[in-house]
Amino acid sequence: AIQVNQRWAGHPGMLVENLRMPPTPYAPGGSIVPTSSANDFDALDGASVGSGRRDAASSGIANIRTGSPGQVTTVLIGSGLANLGHTLESVSMSFRYAAGYTGGGAAATVSVVLLSAHNLSLICTLFTSAPLGNFSWDHFQGYSPPIEVHASGCKVSADLVMVALRITNNQRNLQIPVDDLAAGFNLKVDWVNTEDTTSTGLRPRQLFEAPIRTQGMHWAPVATAPTSVTDPAATQLGHGREHTGKFRLRGRDQLGGIFGVGQLWAKKQPNGALAVLLINYSPKNVSGHSVPLDKLNLTALSYQVRDLWTHSNLGNVSRQISFSVPPFDSAFVLLTPAR
């Protein structure tokens with residue numbers, strides 16, 4: 001297994017981006033959004049994904065902690081919904097909970113909301129629960145029965161939207177299990193089968209490549225124009241060594257939990273160099289993931305690439321670098337200004 005320590009060499013490493021799965025596209029009969037893995041959730045604003053208590057529906061491997069008392073937090077579900085010219089009509093799902101800070105006052109409430117995938121602005125609120133405080137985490141005897149959500153009437157035709165939980169913790173927080181032994185959150189969406197003239201007309205992969213907020217801690221990438229994936233200046237990087245087991249990420253509470261299929265990390269090195277680590281912690285290949293050098297705040301005309309796993313030089317890149325990494329593996333390179 002690989003451990004990524006945020007205090008990499010005594011200084012915080014920088015999370016450049018989460019690698020997301022493509023969004024769930026429109027389907028005539030509706031679609032089911034994957035919700036049975038920690039990778040399916042992105043916890044923001046103080047919420048986190050960690051381990052929890054197990055029962056018949058949950059192995060305990062993945063559990064959402066909704067933050068601390070007084071916080072309002074957000075948990076993104078899935079990689080977005082690509083409406084593809086259609087209007088989103090209904091959302092149904094369910095979740096369970098146990099409430100923390102027993103005896104601490106007002107219980108938390110959970111809203112199910114639709115957000116713009118481009119800037120996470122609120123589009124509409126589908127559902128808001130009553131206060132959820134009847135099942136104690138501190139004196140645990142089991143999670144609550146499923147809280148059922150069946151929402152319609154909030155018709156949305158934006159090109160790419162996110163389903164999310166927005167939790168108002170009040171004086172008590174919640175622990176929400178990811179029911180990986182059952183159907184997860186059993187999230188189903190359905191569309192009205194009519195064309196939307198305001199649609200972008202983009203295919204799901206193009207929508208996925210549109211600007212989407214990614215969570216980072218110390219990284220402030222500069223604005224950059226899109227760069228062609230077929231740019232001949234790009235260098236293709238594969239993995240340099242085999243690894244077994246799952247990747248673990250220290251500081252995952254600060255990062256809001258592991259989300260998507262992988263992560264791209266970077267750390268400045270002497271003389272204008274940059275170490276870059278791409279981790280694929282999914283069971284699928286990451287193929288041809290291109291990263292513009294501008295996104296890494298690299299401004300030289302070209303950079304020498306050294307594979308830190310194989311201790312070999314891979315030539316020079318300009319404008320962008322491209323990674324291909326097998327399941328549960330990584331690519332680790334050093335980019336140094338070419339002379």
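How many helices and strands make up the secondary structure of the chain? It comes to 2 helices and 25 strands. Keep in mind that this is a predicted model.

**Whole chain**

Start with everything shown. The chain has 339 residues, and 50% of them are buried. Then turn to contacts. Among those with a separation of 6 or more, 82% are between residues 24 or more positions apart.

**Stop 1: the disulfide**

Select C124 and C154. Their sulfur atoms are 1.8 Å apart and form a disulfide. The structure holds 1 disulfide. The pair links distant parts of the chain: C124 belongs to strand 12 (residues 122–128), C154 to strand 13 (residues 147–156), and 30 residues separate them. Look along the S-S bond. The torsion there is about -135°, so this disulfide is left-handed. Are the two cysteines buried or exposed? C124 counts as buried, at 10% relative accessibility. C154 is buried as well, with a relative accessible area of 18%; the cut-off for buried is under 20%.

**Stop 2: a buried valine**

Move to strand 14 (residues 160–168) and pick V161. At 0% relative accessibility, V161 counts as buried. What is V161 in contact with, leaving aside neighbours within four places in sequence? Show G80, L81, N83, L88, L115, A117, I123 and V156.

**Stop 3: strand 16**

Select residues 187–192, which are strand 16. In a regular strand, side chains alternate between the two faces of the sheet. Here L187, V189 and W191 lie on the covered face. K188, D190 and V192 lie on the uncovered one.

Next, bring in the partners of strand 16. Strand 4 (residues 31–33) runs antiparallel to strand 16, joined by 3 bridges. Strand 9 (residues 87–95) pairs with strand 16 in the antiparallel sense over 5 bridges. Centre on V189. S31 has V189 as its bridge partner, and V91 stands opposite V189 too.

**Stop 4**

Strand 7 (residues 63–65) and strand 15 (residues 174–177) are antiparallel, with 3 bridges between them. Within that pairing, I64 stands opposite I176 in strand 15.

**Stop 4: aromatic rings**

The chain has 7 aromatic pairs. One of them is W137 and F140.

W137 counts as buried, at 17% relative accessibility, whereas F140 is partly exposed, with a relative accessible area of 25%. Finish with R53. Its charged end sits over the ring of W137, 4.1 Å from the ring centre.

Terms used
Residues numbered from 1 in each chain as written. Predicted model: local features only at pLDDT ≥ 70, side-chain atom pairs only at ≥ 80, totals over all residues. Heavy atoms only, no water. Disulfide = S-S within 2.5 Å. Helix = DSSP H or I, 4+ residues; strand = E, 2+ residues; numbered from the N terminus. Buried < 20%, exposed > 50% of the residue type's maximum accessible area, 1.4 Å probe, protein only. Contact = heavy atoms within 4.5 Å. Pairing = 2+ DSSP bridges. Phe/Tyr/Trp six-rings, centres within 6.5 Å; stacked < 30°, edge-to-face > 60°. Lys NZ or Arg CZ within 6 Å of the ring centre and 35° of its normal.
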